[in-house]
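Please open the structure in a viewer and keep the selection panel at hand.

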Amino acid sequence: MSDPREDAVLADVPGDLFVGGTWRPAQDGAIVAVADPATGRTVAHVADATVADGTAALDAACAAFPSWAATPARTRGEILRRAFDLLVERADELALIMTVEMGKPLAEARSEIAYGGEFLRWFGEEAPRVQGRYGANPAGTGRMIVTQHPVGPCYLVTPWNFPLAMATRKIAPALAAGCTVVVKPATLTPLTTLFLARVLQDAGVPAGVVNVVTTTRTAAVSEAIIGDPRLRKVSFTGSTPVGRTLLKQAADGVLRTSMELGGNAPFVVFDDADLDLAVDGAMAAKFRNIGQACTAANRFLVHRSVVEEFTRRVTARVVELRTGRGTEPGVTVGPLIDDRAVATTDALVQDAVARGATLCTGGKPLGGPGSFYAATVLSDVRPGSDILREEIFGPVLAIVPFDDEDEAVALANDTEYGLVSYVFTVDLARGQRMVERLETGMMGLNVGVVSDAAAPFGGWKQSGLGREGGAEGIAEYLQTKYTLTPDPFAGRSRAAGLRAGV
Ligand code: NAD
């Protein structure tokens, strides 16, 4: 049964490509269906861009670049701020769109709008704070001038799991720095990005500064854009294997790159932890976004003396979760993104059980229509289980006991990923030791969610390159120029009649 309000909101989302400030279909007229993962029903169609459409989007970004780069930073910032206000105003519609195309419960879609919108406000504020330096060189023979410049047209590729925030986290700093962009959202969740593009257009972003291409011909469209000598940067959020491919392609043009890739976060609970905090943190770190977050806790490493108590408490909370369509009141766990994700999640669970893990609750697909998997707790997961090595990307909480701090550190670091870790302890020195010993770009110390527009988000090891958010986020879209000029006092006495200002 369809809902008239939902249908009206979805019908209002543009389904065309956004190129050079105009909405238009793909050159060959191709379209692609967008499905609701909770029902399997097609809810919209969007244009399916060709390689030529991708190139046209880059043409538009290149044409718009000189005037956008020359636009005063304050003006760029004010446009971003206006986009933030419009997003907040239209939050109800956008939350519904995001829930229908991606599956997350409505309350979580609203949280993502609050988080994702914040990048527009934060980078709107950062735009006028980009600064240079001026000073005498050490020998006193010249003056060194250091200036910052936008890198140029950028290609931004985003995943389906946070369709708004992963886009604003790239678009906002790029625009704040004076860059223009071509955005390619995930094929599974294009509607949120198209809605955002209209918000940006309404906020006054000039034609060609932001272009959006939706496509199923992803590899071909991307390869042509990345191989184009006019492109200056690729920023990607998604899986590590695709990130590696794009890095290789970017090498030919020696492009600037930012890579926000996969994770395998350890969640470490020490014997001295406040268990109330740890259980709350575990629920947030695991079940937010139906477990489909790069920051999702993947491996719960729990000290043997508290593992039984932690498992009991966490299982009691998981049994209370309500799985269903994210638009229904009271639902806390939505569907996975598609049936393939259900099969992958189930394979990880069955492998863990076959190797000796105990199934405390859940452990099975819930059947259709829709791609639902039961919220699951596994305890005593054995070394060598696939679930400890691979990103789960589903509502499955896997617990491994440990005996001492060194063992916890060794287990936590035993992965090629290094995005985020979570540590629960009330011992200050132990907490500090973990900050220094865990090989991750971010850490939650007695908290289960770390994301913040003001913070440098990013990973170590194969979780990525570069940072998004914070002061670091805009630096990714700037390039530095150093200029040397001769000493303006050459041949004259600098000391005479002058108080050195440099
Ligand atoms: P994915 O790598 O399959 O796809 C990401 C994007 O890349 C999509 O837009 C997709 O269409 C595009 N893509 C796929 N193949 C491509 C190719 N050959 N050339 C160019 N583009 C291509 O990832 P996903 O399944 O959409 O997202 C889940 C992954 O993203 C997980 O691994 C997760 O950890 C990661 N992720 C990381 C962060 C972070 O900040 N580190 C944030 C969110 C998600």
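Predicted model: local features only at pLDDT ≥ 70, side-chain atom pairs only at ≥ 80, totals over all residues.

**The ligand and its pocket**

Select the ligand first. The space that the ligand takes is the largest pocket. Next, colour domain 1 (4–261 + 463–481) and domain 2 (265–445): both give residues to the shell around the ligand, so the ligand lies between them.

**The shell**

Display the residues around the ligand, of which there are 28. Those that come nearest are Thr158, Arg169, Ser239, Leu261 and Glu391. Sorted by class, the shell consists of 15 nonpolar, nine polar and four charged residues.

**Polar side chains at the ligand**

Which distances separate polar side-chain atoms from oxygen atoms of the ligand? Select Glu391, where a polar side-chain atom is 2.4 Å from a ligand oxygen atom. Move to Trp160, which has a polar side-chain atom 2.9 Å from an oxygen atom of the ligand. Then select Lys184: an N or O atom in the side chain of Lys184 is 3.0 Å from an oxygen atom of the ligand. On its own, the ligand has 850 Å² of accessible area, and the protein covers 86% of this.

**Elements around the ligand**

Switch to a cartoon view and select helix H6 (165–177), helix H8 (218–226), strand E10 (233–237) and helix H9 (240–252); these are the elements that each give two or more residues to the shell. Which of them gives the most? It is H8, with three residues.

Most peptide bonds are trans, and most residues other than glycine have a negative phi. Select Gly368 and Pro369, which are joined by a cis peptide bond with omega of about -5 degrees. Pro369 is in the loop between strand E14 (358–361) and strand E15 (376–379).

Finally, select Phe393, in the loop between helix H13 (386–389) and strand E16 (396–402). Phi of Phe393 is positive, near 55 degrees, in a residue other than glycine.

Definitions and conventions: Residues numbered from 1 in each chain as written. Heavy atoms only, no water. Near = heavy atom within 4 Å. Polar contact = N/O pair within 3.5 Å; in protein donor to acceptor, adjacent residues only side chain to side chain. Areas by Shrake-Rupley, 256 points an atom, 1.4 Å probe, with all protein chains shown as cover. 1 Å grid on protein atoms, 1.4 Å probe; cavity = no way out; pocket = protein on both sides within 12 Å on 5 of 7 lines; lining within 4 Å. Sits in = over half its atoms within 2 Å of the grid points. Helix = DSSP H or I, 4+ residues; strand = E, 2+ residues; numbered from the N terminus. Nonpolar A, V, L, I, M, F, W, Y, C, P; charged D, E, K, R; others polar. Domains from an automatic or database assignment.
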